[in-house]
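The structure comes first, then the questions.

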Amino acid sequence: MMVTVVLMTAVAIVTEAAPLQRKQLLNDQWQFVENDSDFTKAQSVVLPHDWSVYHRFDVNAPAGNDGAYLATGKGWYRRTLTLGKAYAGKKIRLYFEGVYMNARVYVNGHEAGGWPYGYSSFWVDATPYINIGRNEIVVSVDNSQQKNCRWYSGSGIYRNVWLVTTPKTYIDDWSVQVTTPDIHHVNLCATVIREDGTTFPLERTIEVEEPRLWSPDDPYLYEAELAVPDGDKLSVKYGIRTIDYDAERGLLLNGKSIKLNGACLHHDNGILGAAAYDEAEYRKARLMKEAGFNAVRTSHNPPSEAFLKACDEVGLLVIDEVFDGWREHKNENIYDYSTLFDEWWQRDVDAMVCRDRLHPSIFCWSIGNEVIERKKIEVVKTAHLLATRIRQQDPQHRPVTSALAAWDRDWDIYDPLAAEHDIVGYNYMIFKAESDHERVPNRSMMQTESYPRDAWRNYRMAKDHSYIFGDFVWTGLDYLGESGIGRYYYEGEVPGESWERPLYPWHAAYCGDVDLTGKRKPISYYRSLLWNGGTTYMAVREPDGYHGKVKTSMWSTWPTTESWNWPGWEGKLIEVEVYTCKPKVSLYLNDQLIGEQATAEMKATFTLPYQAGTLRAVAGDERCEIQTAGKPAAIRLTADKTAPSRDGLVFVIVEIVDAEGRVVPTANDQLTFAVKGNATLLAAGNADIKDEDPYFVAGACPCCGLPYRQTG
């Protein structure tokens with residue numbers, strides 16, 4: 001049994017009372033009220049804040065299975081901002097990294113700005129309304145029109161908020177561009193906005209004699225400063241790298257061929273909901289890197305800034321995706337981006353590209369995903385508009401893609417739409433690659449979504465064809481919403497796929513290589529072995545009939561675990577899988593040789609009668625073991641760090657172990673958590689996405705008054 005607990009320790013938050021800085025975090029001291037604008041009923045909150053995840057799972061929630069059966073609605077936030085005399089004569093802006101959705105921002109009672117699309121960052125010029133002294137900021141959020149998203153969106157100010165203070169003549173933050181005409185010359189440029197609204201360019205050229213090139217293996221970052229003489233200054237981080245590609249040579253990073261072992265990711269942080277804590281975003285990137293991925297796709301919206309910074313630092317290539325759909329809504333999501341497209345598409349494209357174009361991790365932009373109108377001729381014009389706008393805003397001329405699909409298999413009619421892309425994204429359609437290459441030999445391709453179970457085929461397709469740049473599995477992480485995708489179930493339970501009927505109490509998707517606690521599943525070890533090599537790994541397939549007759553779904557793999565605890569199955573046949581790069585494997589049970597097999601597709605499968613004890617696989621000079629665990633004897637806690645960093649989050653893995661310290665995989669105990677000291681228990685949860693216990697529970701221990709959380 002494994003549970004993840006998240007603690008928030010006390011950290012210093014820079015506020016307006018601190019010495020004047022260009023950019024100050026405004027995440028503390030907010031008041032929040034849900035479905036009511038009466039702040040006498042408000043509670044104190046710290047951002048990032050997702051109010052939906054604080055609710056209990058409810059089969060009748062308007063967002064339904066798409067929204068993880070969690071409540072949505074409306075909310076209001078209020079914060080007092082006291083500015084001293086040092087702020088007089090300054091340009092005062094508020095920067096919202098993300099508010100879901102329909103945000104309206106008021107400063108001292110004046111509507112100063114806002115943004116409808118919940119995944120775009122946006123700026124609010126507060127200068128005309130701000131006072132020296134006390135100010136009141138109010139943000140209204142409306143996520144009541146459901147359904148508006150096909151996955152869990154969360155509700156509220158779920159990303160950071162900043163106070164940005166500059167001279168009246170200042171550098172436009174999103175105008176900054178970095179180009180490298182060659183790897184020895186770096187050009188930095190930006191636009192300076194004068195107080196009267198006129199502009200002038202700001203430029204700087206840096207010569208680098210021996211550049212250290214950014215790559216997933218060496219994600220090196222440089223830092224430089226842009227400055228207006230006797231005025232505004234802005235620090236810029238960037239990486240030096242080159243990207244080139246064509247169907248004959250493939251994808252080239254810094255002149256070297258690279259294949260993409262990619263993962264699609266939604267934006268949530270599992271048991272934390274949509275709240276984009278910096279440390280949670282960095283952890284998400286680290287989990288993907290540790291799982292062997294070298295690329296991610298931000299399906300299907302721009303991610304947080306913290307996540308992109310993490311990808312820059314840990315070395316993950318990124319497809320940055322702006323929309324799920326365009327003018328036509330999907331499924332029941334009649335309030336999705338289709339209601340905004342015509343009025344807002346250009347501003348949202350600009351918000352993504354201008355915010356994100358400095359990140360060396362981004363190698364490709366995506367303009368959409370499986371758009372419903374793909375059979376209409378107008379779709380070609382729309383794709384052209386979007387791609388052209390991106391190319392205008394990105395001086396590095398990164399390639400443009402979108403994820404195309406043809407569920408009715410009439411794929412060939414999409415050639416005019418595919419031609420609007422620099423790299424064509426194939427969702428589950430890579431089996432068409434070879435015939436497409438014959439028909440359109442100069443087409444560059446990558447599989448932008450794939451089924452987890454097809455790991456070997458997708459690996460070979462990319463490795464064997466230069467024009468296929470890689471594969472992005474759906475998905476890297478289990479995520480809230482799209483409830484039941486990737487599930488396995490048993491005969492007699494509700495059958496079918498998540499879009500066919502509600503599958504409550506399933507409230508999340510189980511198709512990730514990594515589960516909600518951050519634990520890698522066996523498929524993750526297999527996939528990484530294919531792409532990266534590595535040491536031998538062993539797992540056990542659940543016997544069909546142990547808990548019931550197993551039924552799989554489209555995005556699922558067979559239930560397979562790193563467990564040799566199968567009480568009641570003694571003497572019955574069970575299958576053991578060994579993943580290895582070695583040519584053959586020997587399997588031993590309690591030191592008795594079971595057999596030896598040659599590997600095929602980097603895998604060997606053994607069938608043997610179950611008997612408790614020690615299972616050992618030997619492949620060349622590598623060996624791995626799984627032992628039968630005894631009865632639960634202790635609780636083991638492992639923190640992911642010894643001291644808090646960034647926003648003070650600490651992730652703690654809680655395991656039930658036996659007397660020998662072995663994890664007991666069959667444990668299913670109810671645990672109670674309480675925290676002493678300078679920290680707050682933020683959330684707790686396990687990988688069982690049918691568990692109806694909420695991740696956040698208000699309450700206190702009756703003995704000591706400390707906050708507690710229970711989870712199964």
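Predicted model: local features only at pLDDT ≥ 70, side-chain atom pairs only at ≥ 80, totals over all residues.

Q: What makes H8 a helix, and where is Ser 528?
A: Helices are DSSP runs of H or I with at least four residues, strands are E runs of at least two, and both are numbered from the N terminus. H8 spans residues 522-532, and Ser 528 is found in it.

Q: Why is Ser 528 called buried?
A: Buried means under 20% relative accessible area, exposed means over 50%, and partly exposed lies in between (1.4 Å probe, protein chains only). Ser 528 has 12% relative accessibility, so it counts as buried.

Q: How do you know that H8 is mostly covered?
A: Of its 11 residues, 9 are buried; among them are Pro 522, Tyr 526, Leu 530 and Trp 531.

Q: What does Ser 528 touch beyond its neighbours in sequence?
A: Contact means heavy atoms within 4.5 Å. Not counting residues up to four places away in sequence, Ser 528 touches Ala 291, Gly 292, Arg 520 and Gly 533.

Q: Why is Leu 226 called buried?
A: Leu 226 has a relative accessible area of 1%, so it is buried. This residue is found in strand S16 (residues 222-227). Leaving out residues up to four places away in sequence, its contacts include Ile 171, Val 176, Leu 188, Leu 202 and Val 236. Leu 226 and Val 176 are 50 residues apart along the chain, with their C-alpha atoms separated by 9.0 Å.

Q: What makes a group of residues a nonpolar core, and which members of the largest one touch the most others?
A: The term covers a set of buried Ala, Val, Leu, Ile, Met, Phe, Trp, Tyr and Cys residues joined through side-chain atoms within 4.5 Å. The largest such core has 135 residues, and Tyr 77, Leu 94, Leu 272, Met 288 and Phe 323 touch the most other members. Helix H3 (residues 341-356) gives this core its largest share, 8 residues. Another core, of 23 residues, lies apart from it and includes Leu 317, Cys 364, Ile 423 and Tyr 479.

Q: How do you know that H3 is mostly covered?
A: The count of buried residues in H3 is 12 of 16. Among the elements that cover them are strand S6 (91-96), helix H2 (305-314), S23, S24 and H4.

Q: Why is strand S24 described as largely enclosed?
A: In S24 (residues 362-369), 8 of the 8 residues are buried, so the rest of the structure largely encloses this strand.

Q: How do you know that S24 pairs with S23 and S25?
A: Two strands pair if DSSP finds at least two bridges between them. Trp 365 in S24 is the bridge partner of Asp 320, and Val 400 in S25 is the bridge partner of Trp 365.

Q: What makes a crossover right-handed, and through which helix does the chain cross from S24 to S25?
A: With the strands pointing away from the viewer, the path from the first strand over the helix to the second must run clockwise. The chain crosses from S24 through helix H4 (residues 378-393) to S25, and this β-α-β crossover is right-handed.

Q: Why do S2 and S9 count as edge strands?
A: Strand S2 (23-25) and strand S9 (122-125) each have a single partner strand, so one side of each is left without a neighbour in the sheet. The open sheet has 4 strands in the order S2-S11-S6-S9, with antiparallel pairing.

Methods:
Residues numbered from 1 in each chain as written. Heavy atoms only, no water.
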